[in-house]
Amino acid sequence: MHEKNATDATMTANNPNPAPIIFVRGVNKIYADGFQALKNINLDIKRGEIFALLGPNGAGKTTLISLICGIVKATSGSIIADGQDTVRDYRAARATIGLVPQELHTDSFESVWATIKFSRGLFGKAHDAAYLEKVLRDLSLWDKRNAKIMTLSGGMKRRVLIAKALAHEPTILFLDEPSAGVDVELRHDMWRMVRELRAQGTTIILTTHYIEEAEDMADRIGVISKGELIVVENKEVLMRKLGKKQLTLTLRHPITSIPIGLSAWPLTLSDDGHALIYRFDAQEEETGIAELLRMLGEHGIEFKDLRSSESSLEDIFVSLVHQSNKESA
């Protein structure tokens with residue numbers, strides 16, 4: 001573990017509310033054709049956390065990442081990355097950031113070792129063979145260190161991109177759809193490394209279509225839709241506030257429709273008529289389950305089994321985006 005990361009990790013462990021490492025204030029991005037990709041984005045990302053940015057295709061995730069990394073310039077607003085203004089102090093800010101992009105862009109004719117060595121030097125870091133070896137070993141690339149990148153599989157090329165992003169020991173790491181098109185083995189290696197990096201004090205921001213990964217990995221969740229941040233919240237708080245529980249009652253005899261006397265209840269009948277699904281807010285003192293069961297009995301509906309489950313992060317995400325789209329329609 002390197003000294004700065006060790007210090008950061010200690011600070012994070014001792015302080016449950018560490019100061020933000022990224023400040024985004026009033027950021028807008030309007031392209032030349034008039035399309036507004038981002039609308040008044042305000043966001044703080046805490047030092048040492050894993051922050052998942054979720055949103056449908058075209059929502060603005062990659063644009064926001066590109067702005068923070070200094071690849072694209074904002075139309076208005078300001079961004080500070082680890083104390084550096086991403087416009088006024090571009091080189092200093094960029095040196096704090098590692099970026100794993102979606103696209104597999106890298107010099108195909110170079111060897112793996114030459115590529116990551118060059119990437120480290122590009123940010124003014126002194127050569128450190130032991131550190132680069134550790135990165136390659138952690139990503140199962142050490143045996144491929146002398147291979148030309150053009151000879152590698154797609155999954156191995158993705159590993160090289162991650163190694164390049166880590167070569168200069170960034171304090172902030174962006175993973176833009178890192179699991180897209182990769183094998184299960186790489187996915188497991190990558191998330192193991194992410195956890196290790198977070199333990200060392202690295203701040204990690206990821207976008208992903210695999211919402212179960214965000215649910216498993218992230219400390220906080222941000223949801224972006226049509227260029228606007230519609231929610232930023234701790235994962236557990238988000239799921240507690242917006243998550244619903246559902247009770248599934250397997251019926252003893254199938255029914256063709258929900259009786260009129262039960263139409264006021266939030267019930268859904270399964271396609272085959274064999275189950276009733278009741279959704280309720282687990283935070284309420286009265287769930288209504290006892291009353292529902294009594295009403296079912298009055299209507300002669302018998303059930304042979306019941307089970308409860310909670311909304312997943314994917315359910316919440318879909319609901320938030322759907323609601324946002326309705327409000328902006």
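In these legends, two residues touch when they have heavy atoms within 4.5 Å of each other. Everything shown comes from a predicted model.

**View 1**
Let's start with one side chain and its surroundings. Y278 sits in β13, the strand made of residues 275–280. Which residues does Y278 touch, leaving aside those up to four places away in sequence? The contacts are K245, Q246 and L247, then W265, P266 and L267, and finally T287, G288, I289 and L292. One of these, P266, is 12 residues from Y278 along the chain, yet the two C-alpha atoms are separated by 6.0 Å. Is Y278 buried or exposed? Its relative accessible area is 5%, and buried means under 20%, so Y278 counts as buried.

**View 2**
Of the 6 residues in β13, 5 are buried, and the strand is mostly covered. Strand β11 (residues 245–251) runs antiparallel to β13, and 6 bridges join the two. β12 and β13 form a hairpin with 5 residues between the strands, where G273 has a positive phi near 75°.

**View 1**
R25 has S78 as its bridge partner in β4. β4 is also joined to β5 (residues 84–85), by 2 bridges and again in an antiparallel arrangement. In this pairing, D85 of β5 stands opposite I80. What lies between β4 and β5? The two strands form a hairpin with 2 residues between them, and D82 in the turn has a positive phi of about 50°.

Follow the strands in the order β6-β7-β8-β3-β9-β10 to trace an open sheet with mixed pairing. The edges are β6 and β10 (228–234), each of which pairs on one side only. From one strand to the next, the twist averages 15°. Helix α2 lies across β3, β6, β7 (172–176), β8 (203–207) and β9, and runs at about 155° to β7. Helix α7 (residues 184–199) lies across β3, β7 and β8, at about 145° to β8.

**View 2. Strand β3 inside the sheet.**
Why is β3 described as largely enclosed by the rest of the structure? Because 5 of the 5 residues of β3 are buried. In a regular strand, side chains alternate between the two faces of the sheet. In β3, I50, A52 and L54 point one way while F51 and L53 point the other way, and all are buried. On one side, 4 bridges join β3 to β8 and the two run parallel, with A52 standing opposite L206. β3 (residues 50–54) also pairs with β9 (residues 220–225), in the parallel sense and over 4 bridges. There, F51 stands opposite R220.

**View 3. Thr203 in strand β8.**
T203 belongs to β8, and its relative accessibility is 0%, so it counts as buried. Beyond residues up to four places away in sequence, T203 touches I21, the run I45, K46, R47, G48 and E49, and also T171, I172 and L173.

**View 4. The largest pocket and its lining.**
For the last stop, how many residues line the largest pocket? There are 26, and R94, L99, P101, H105 and K164 lie nearest the centre. The elements giving two or more residues to this lining are α2 (61–68), α3 (90–95), β6 (97–100), α4 (112–122) and α6 (154–166). α4 gives the most, with 5 residues. By type, the lining divides into 11 nonpolar, 9 polar and 6 charged residues. The volume of this pocket is about 600 Å³.

Terms used:
Residues are numbered from 1 along each chain as its sequence is written. This is a predicted model: local features need pLDDT of at least 70, side-chain atom pairs count only at pLDDT 80 or more; totals for chains, interfaces and linings use all residues. Side-chain values use heavy atoms; hydrogens and water are left out. Buried means under 20% relative accessible area, exposed over 50%, partly exposed in between (1.4 Å probe, protein chains only). Two strands pair if DSSP finds at least two bridges between them. On a 1 Å grid over the protein atoms alone, a cavity is a set of points where a 1.4 Å probe fits but cannot get out, and a pocket is an open set with protein on both sides within 12 Å along at least five of seven lines; lining residues have an atom within 4 Å of a point. Grid points are joined across faces, edges and corners, and a volume is the space filled by probe spheres set on the points. Ala, Val, Leu, Ile, Met, Phe, Trp, Tyr, Cys and Pro count as nonpolar, Asp, Glu, Lys and Arg as charged, and the others, Gly among them, as polar. Axes are lines fitted to C-alpha atoms, for helices over the stretch in contact, and angles run from 0 to 180 degrees between N-to-C directions.
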